[in-house]
Amino acid sequence: MKLRLLVEFDPEAKRWSAVFPELPGCASAGGTEVEAIENAREALALWFEPSKLKLKKSARLLEVSLP
C-alpha cells in the first residue's frame with residue numbers, strides 16, 4: 001500500500017510540514033525536508049499502531065490487509 005505525503009515549507013515558521021492527507025491527524029514537521037519525512041514515517045507507524053479494545057462476547061476482531 002502506498003500513501004501520499006504532502007511536504008511543504010512554511011516560511012513563517014521556517015520549518016517543513018509533512019501531512020498524510022488521507023489520514024486525519026497523521027502529520028509531523030522538521031527543520032529540514034528530510035527530517036520532516038523521517039518524522040512523518042514515525043507518525044505513520046504510530047497512527048497504525050493497534051490500540052487495546054474491550055470486546056463484547058459476541059464480537060470478533062479480525063485483521064485485514066490491503067492489496
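How many bridges join S1 to S2? The count is five, and the two strands run antiparallel. Before going further, please keep in mind that this is a predicted model. With that said, let us walk through the strands, then a salt bridge, and finally a pocket.

Strand S1 covers residues 6–10, strand S2 covers 15–19 and strand S3 covers 27–30. S1 and S2 together form a hairpin, with four residues between them. S2 also pairs with S3, again in the antiparallel sense, and here there are four bridges.

**The turn between S1 and S2**

Which residue in the turn of the hairpin has a positive phi? That residue is lysine 14, with a phi of about 60°. Lysine 14 has this positive value although it is not a glycine. You will find lysine 14 in the loop between S1 and S2. Its relative accessibility is 61%, so lysine 14 counts as exposed, the cut-off being over 50%.

**One salt bridge**

A search of the whole structure turns up one salt bridge. The partners are glutamate 22 and arginine 4, and their closest N and O atoms are 2.4 Å apart. This pair links distant parts of the chain, since the two residues are 18 residues apart. Glutamate 22 sits in the loop between S2 and S3, while arginine 4 belongs to the segment before S1.

How accessible are these residues?

| Residue | Relative accessibility | Class |
|---|---|---|
| Arginine 4 | 56% | exposed |
| Lysine 14 | 61% | exposed |
| Glutamate 22 | 41% | partly exposed |

Glutamate 22, at 41%, is partly exposed because its value does not pass the 50% cut-off for exposed residues. Arginine 4, at 56%, is exposed.

**The largest pocket**

Our last stop is further along the chain. Which residues line the largest pocket? They are Pro50, Ser51, Leu53, Leu61, Leu62 and Glu63. By class, the lining has four nonpolar residues, one polar and one charged. About 180 Å³ of space lies in this pocket.

Technical notes. Residues are numbered from 1 along each chain as its sequence is written. This is a predicted model: local features need pLDDT of at least 70, side-chain atom pairs count only at pLDDT 80 or more; totals for chains, interfaces and linings use all residues. Side-chain values use heavy atoms; hydrogens and water are left out. A salt bridge is a side-chain nitrogen of Lys or Arg within 4 Å of a carboxyl oxygen of Asp or Glu. Buried means under 20% relative accessible area, exposed over 50%, partly exposed in between (1.4 Å probe, protein chains only). Two strands pair if DSSP finds at least two bridges between them. On a 1 Å grid over the protein atoms alone, a cavity is a set of points where a 1.4 Å probe fits but cannot get out, and a pocket is an open set with protein on both sides within 12 Å along at least five of seven lines; lining residues have an atom within 4 Å of a point. Grid points are joined across faces, edges and corners, and a volume is the space filled by probe spheres set on the points. Ala, Val, Leu, Ile, Met, Phe, Trp, Tyr, Cys and Pro count as nonpolar, Asp, Glu, Lys and Arg as charged, and the others, Gly among them, as polar.
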